[in-house]
Amino acid sequence: MEQQIVKVKNKKGVRVIPGFGLSMGVTLAMLSCIVLIPLASIFISVSKISLQEFVEIVTSRQVMSGYMVSFTCAFFAAIINGAFGLVLAWVLVRYDFPGKRIMDGMIELPFALPTAVAGISLTFLYSDQGWIGQLFDKAGVRIAYTRIGITIAMVFVGIPFVVRSVQPVLAKLDRQYEEAAMMLGAGRWRTFFRVVLPELFPALLAGFGLAFARGIGEYGSVVFIAGNIPYETQIAPLLIMSKLEQFKYSDATAIALVLLLVSFLLMFLINSLQIYMQRFVKN
Amino acid sequence: MKKRTIRRTWVKAILLAAMAFSLAAGCGDDSKSDTDGGSSNGILNVSYDPTREFYAEYNEMFCGYWKQEKGEEVEVTQSHGGSGSQARSVIEGNEADVVTLALAHDITAIENAGLIEAGWNEKLEGNSAPYTSTIVFLVRKGNEKNIKDWDDLVEDGVEVITPNPKTSGGACWNFLAAWAYGQQNGMTEKETQEFLKKLYQNVLVLDSGARGATNTFVENKQGDVLIAWENEAFLSLETHPDDFEIVTPSVSILAQPSVAVVDKNVEDHGTREISEAYLKYLYSDDAQRLVGKYYYRPSKEEILQEFSEQFDLDMNLVTIDDFGGWNKAYETYFDDGALFDEIYAQ
Amino acid sequence: MSKKKQRTYQQDIVGDSINSLRKVVEPPKENGSHLMKYLLIGISAAFLFLMLALPLAVVVMNACKEGWDAYREAVMDEYTMKALQLTLLATVITVAVNTIFGLFASFLLSKFYFRGRQVLAALIDIPFSISPVIAGLVFILTFGNMGWMGDVLDKYNIKIVFAVPGVVLVTVFVTFPFVFRELFPVLNAQGKDEEEAAALMGAGGFTIFRRITLPHIKWALLYGIILCSARAMGEFGAVSVISGHLRGKTNTLPLHVEILYNEFNTTAAFAVSSILVLLAVLILVVKSLVEWKKE
């Protein structure tokens, strides 16, 4: 790493802004202490089983169906969060109206509420006897104990991610461009899609990715609203718990490793895109 | 040149600060944590979920007794959670002096990790189970679906709530009780399996834990019948006396929550004497009556008779030994790819 | 120095002209834009109501079901107070650690180009992608009895798992990227021209950071800290794995809620969770005060 940096330095000339070494040092030191060293344990634990066993565990029918449920529900939840998060951020930054402060303040609540409490409350609301579930039940739609319920729980835990990713960028966005575009005769929609959205896109994408990753891993709130029926509404983290219940640490970490790799790849792609787009915009 | 050295010192200073911070976060408070069951007049009881109130009262009782006997103050720290994960925490380093868990299987797991000596279940009466319970049905008031016994649960249109045996140790008892019913009613192995398959097809929600299942049934009003531990069924009845009834099936299983001293930890802490006394005192008459007050069945016969109004004592109860012990039962029914998985795989 | 002054002077002129320009081109208020505004506000309000306000109402309703006395008893309970103390302690340490990290890491990744940036950024995000259950397990597998650092810790009699340090450590872990995540997009969008200019004018690293970078990220930093503290207070899954649930010692508020709930004490459980909601509200009041002062 160090050598590479020196090389880049030589190629591009002098690094203008000071503080590179310091920032790099602190970042790497803290990252290793808190994240990387403990994380190595996953790999150590998984390495106790052979590759063949690993493949067998993560491709068994039940585990595969668990992944499917987790991934699809988290994906839809992230899409919903992306759309509503964008609208929310827009409303909170651009408009003034009574109750705005309260609205703004509510965004973090899903974090502060313990996930189990959130799950219990959501189930209470969305079961076919609950306040909201009742209405849908009449239309023949069951929400709690189905995949829709799982998606709703995931939407709940992911709301703050998108809103709080987009909000600061939108607030800092220079309105000149928009106004210029409007002045030049672009319609409101066109201005939004051609001028505003491209600026917000990286932040939106980051928020989407975070909400997705959080949804995949979420356990506490989802178990209450999911029916946990094998092959139908069983999420992957629940399978991890059931492996742990049997004291099979390696199996549990194997399932977890796959989840981790998928989220990591996704994050990596999103980050690359973000950095690439920044370069693209700046040059 | 001078500037450069200054900057270097800066780097070092902040790096040191950052390291110190992570270290402080890591092990700052170890002075505080030394008391976790470590001192000789304090013990840690790692238990499972629904026993907190019982042990809260029992601990006071025991402290009074110990003060009277030995003139020493004693402090008991409680820890509660799912039985399986509590057992795991002890294996992973939670320094319990005594464990009071839902299943003998969980204590055996601690034994296998080398923390408890073999033969723990013979140290105290009744397989080291000072209180027992069984599996009953909780139905809605009026019992509209007319549920009387296990075979009513497989009827079409009956919605059953029970937790998942793969994530909840307690739910294994439910499964085994149903199995015992099949066996006692002359079904073959194959037929019993079919019977259970039908039963689990009627399961509407397979919660991850016993408490979650109770909540699904009681608060969210799902399903017609909850297969529950007797003590939990009584607790639900206590909070909602007008909404539910308890139905006792003809056959059920004797659930024996077991207790043991964690040998390695009591040696380290020097708390063997007090830990053993703590468990032994559970069999005293006062403690046994307390057990009954919290809806567990006292293991002492004469005290149990005092509660004959409360419990149905005529139930036909099989024990885990009829299944060849916990380890065998677990392998046959609940391990990955075993019977329970097969039921859902088809 | 004079150069700098000149620059701000120029900026002022440019800024002024833009402001005047803005007045001229301010789009005429049309009915359509009003409609749009209220439509969007309506959508947001409906979404928040369904997804946030109602679940919250359930919590409050359940907490108050048995009246004020039951509520007070649950909240003033000795063990609730101890859990509250631990939660606050963990939150304060967590926010401090993660803010330091977030500042350095976002500065590093947005102001410097080097190979491996993407990998580094993705590595920082790892705690987000890990299931909370596994996050706790990871520390057990590292520092626990069977972990590869367990022997060393045992030798020096340092207890991390099933003790307060473990609880703090997983909380830091779970919320690790929060501040960074908030700062990074803003710094990234801002680019590095201003810092480069300042550096060329001879400003030192700390000055650049304080005078140029910090003003840009003030709000993002605030959001980051709020998010981080909210999440740190509410974290359940990971802490549950590592805490050992020692009553009055390693129980945080969310764990205490779970235990109350599991012993059929629903009202008390919801009452205690309402403390968490109140804490979150408190943070928001502070935030609003800061915003108001700025205005």
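**Briefing: helix packing, a chain interface and a sheet**

Leaving aside its neighbours within four places in sequence, P185(C) is in contact with S165(A), P168(A), V169(A), P202(A), A203(A) and A206(A), contact meaning that the C-beta atoms of two residues, placed from the backbone, lie within 7 Å. The model is predicted, so local features need pLDDT of at least 70 and side-chain atom pairs count only at pLDDT 80 or more, whereas totals for chains, interfaces and linings use all residues. Residues are numbered from 1 along each chain as its sequence is written, while chains are lettered from A and ligands numbered from 1 in the order in which they are written.

**P185(C) and its setting**

- P185(C) belongs to helix 10 (residues 178–190) of chain C; helices (H or I, at least four residues) and strands (E, at least two) are DSSP runs, numbered from the N terminus.
- P185(C) counts as buried because it has 27 C-beta neighbours inside 10 Å, the classes being buried at 20 or more other C-beta atoms within 10 Å of a residue's own, exposed at 12 or fewer, and partly exposed in between.

**Helix 11 of chain C**

- In helix 11 (residues 193–200) of chain C, the buried residues are E195(C), A198(C) and A199(C).
- These residues lie on the same side of helix 11 of chain C because they cover an arc of only 100° around the axis, an arc taken from the directions from the helix axis to the C-beta atoms.
- The exposed residues D193(C) and L200(C) sit on the face turned away from the buried side of helix 11 of chain C, and the cover over its buried residues includes helix 4 (78–111) and helix 12 (205–234) of chain C.

**The side of chain B that touches chain A**

- Contacts link 25 residues of chain B with 27 residues of chain A.
- Helix 1 of chain B gives the largest share of the side of chain B that touches chain A, namely seven residues.

**The sheet of chain B**

- Four strands of chain B form an open sheet in the order 2-1-3-10, with mixed pairing, where two strands pair if DSSP finds at least two bridges between them.
- Strand 2 (75–79) and strand 10 (258–261) of chain B are the edge strands, each pairing on one side only.
- Strand 3 (residues 98–101) and strand 10 of chain B run antiparallel and are joined by four bridges, and T100(B) stands opposite V259(B) in strand 10 of chain B.
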